[in-house]
Amino acid sequence: MFPPFRVSSLRMITRQHRPSWLRRLILPAVTAVFLGYFGYHAVNGEFGMVGRARFESRTQELNAELARLNAQKSALEAHVKLLRPSSLDQDMVDERARVQLSVVNPNEVVIMDFDKLAQAKSN
């Protein structure tokens, strides 16, 4: 009938593999790390919510400075307009000459405000 088998040849090697509970946590752990990284940078990064608040505050500061500089520019343009040859104001020319040359007429009285001079020198 059947040929005789050896006992050793009937032995089969089987391996039982028990899934590790750590393997099931690898993918969720990696996902949590990525979400944490991107979440942190969405809030605290250069272009995140905190960065946006910094940009907005800096924008307000620069707009205030721009308004101040535009007002100063308008004042200087008005001053220059008075010094143009076509609309030369004699009083303006006289005032600028006196300031630049530090001269007065002999019949004039000069009143010195030392506080104002000290403040002008400190600026």
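How many helices and how many strands does the protein chain have? I counted 5 helices and 0 strands, taking helices (H or I, at least four residues) and strands (E, at least two) as DSSP runs numbered from the N terminus.

I note that this is a predicted model, in which local features need pLDDT of at least 70, side-chain atom pairs count only at pLDDT 80 or more, and totals for chains, interfaces and linings use all residues. Residues are numbered from 1 along each chain as its sequence is written, and side-chain values use heavy atoms, without hydrogens and water.

**Burial.** I looked up burial and found that 3% of the 123 residues of the protein chain count as buried (buried is under 20% relative accessible area, exposed over 50%, partly exposed in between; 1.4 Å probe, protein chains only).

**Salt bridges.** I found 5 salt bridges in the structure, each a side-chain nitrogen of Lys or Arg within 4 Å of a carboxyl oxygen of Asp or Glu. In helix 3 (residues 49-83), Arg58 and Glu61 lie 3 residues apart and meet at 3.4 Å, N to O. Arg58 is partly exposed at 45%, and Glu61 is partly exposed at 46%. Glu77 and Lys73, also both in helix 3, lie 4 residues apart; their closest N and O atoms are 4.0 Å apart.

I then examined Arg98 and Glu108, whose closest N and O atoms are 2.5 Å apart in a salt bridge. Arg98 lies in helix 4 (residues 90-101) and Glu108 in the loop between helix 4 and helix 5 (114-122), so the pair ties together parts 10 residues apart in sequence. Asp94 joins Arg98 and Glu108 in a network of salt bridges.
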